[in-house]
Amino acid sequence: MNNKERNKPTKKKVLMYYLILAASLLVVAAVTCGLVFGLRTNDVTPPDFIENPDDNNDPDDDKNNEGENPPPDETVDTSTAYEFIVPVKDVNLSQAHVFYYDKTLDRYCLHEGMDFKCDAGAEVLAAVDGTVKSVSTNDMLYGAVITIEHADGVTTVYKFIAPVENLKAGDKVSRGDVIATVATAVGTENADGDHLHFEVFKNNVMQDPDDYLDIISK
């Protein structure tokens, strides 16, 4: 064998050279990708909450913003237009809005309203500001009846009364105005004697009048 053949690389050596070269290239590529990724990560723009922190986290901003947006006014309107009064001067509750025995009809049922015992001729007052919806003077069951509409879908009804002269639908009444007098007992509650029968409705649904008058101890 001559010198040229001895120095000629074998296939195994050539394969080893290629493997080493490939490994070196992979290492270089990995290092390069790492450097590029690191540089890009460092260039990321900080999120908004770092550049522009929330005003609520900055006490100085809170001081500067005081008075700019005052809290909503939660004051409740307590004017007489929305406060009920008992519709008679002498409060003598004879029947509440409860299940009871009706002496006139001889049966047990729900009493639809509140009764205030009064002598015939006692003044009947508007419980709250409103507009007269109707005035009936010839109801066979309830005698005369006055219906008044109020704010927020509330309606009051006054039965077994004699309306004041010239009171008619469309009239404006204020809380405490005299709208009628108590009449002699007639109709469906005549066995209970002379009294004012008072009802309250909310959006056409009957209510317990005491929810508005608050005269019964709970």
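What is the volume of the largest pocket? It comes to about 220 Å³, and the views below show where that pocket sits in this predicted model.

**View 1. The whole protein chain.** Five helices and twelve strands make up the elements of the protein chain; these are DSSP runs numbered from the N terminus, with helices being H or I of at least four residues and strands E of at least two. Of the 218 residues, 27% are buried, meaning under 20% relative accessible area with a 1.4 Å probe, protein chains only. Residues are numbered from 1 along each chain as its sequence is written, and side-chain values use heavy atoms, without hydrogens and water. Local features need pLDDT of at least 70 and side-chain atom pairs 80 or more, while totals for chains, interfaces and linings use all residues.

**View 2. The largest pocket.** Fifteen residues line this pocket, and D102, R107, E112, Y142 and E189 are the closest to its centre. Here a pocket is an open set of points on a 1 Å grid over the protein atoms alone, where a 1.4 Å probe fits, with protein on both sides within 12 Å along at least five of seven lines; lining residues have an atom within 4 Å of a point. Its volume is the space filled by probe spheres set on the points, which are joined across faces, edges and corners. With three residues, β3 gives the most to the lining.

View 3. β2 and β3 run antiparallel and are joined by four bridges; strands pair if DSSP finds at least two. Y101 has Y108 as its bridge partner in β3. Four residues separate the two strands, and D106 in the turn has a positive phi of about 55°.

Notes
Buried < 20%, exposed > 50% of the residue type's maximum accessible area, 1.4 Å probe, protein only.
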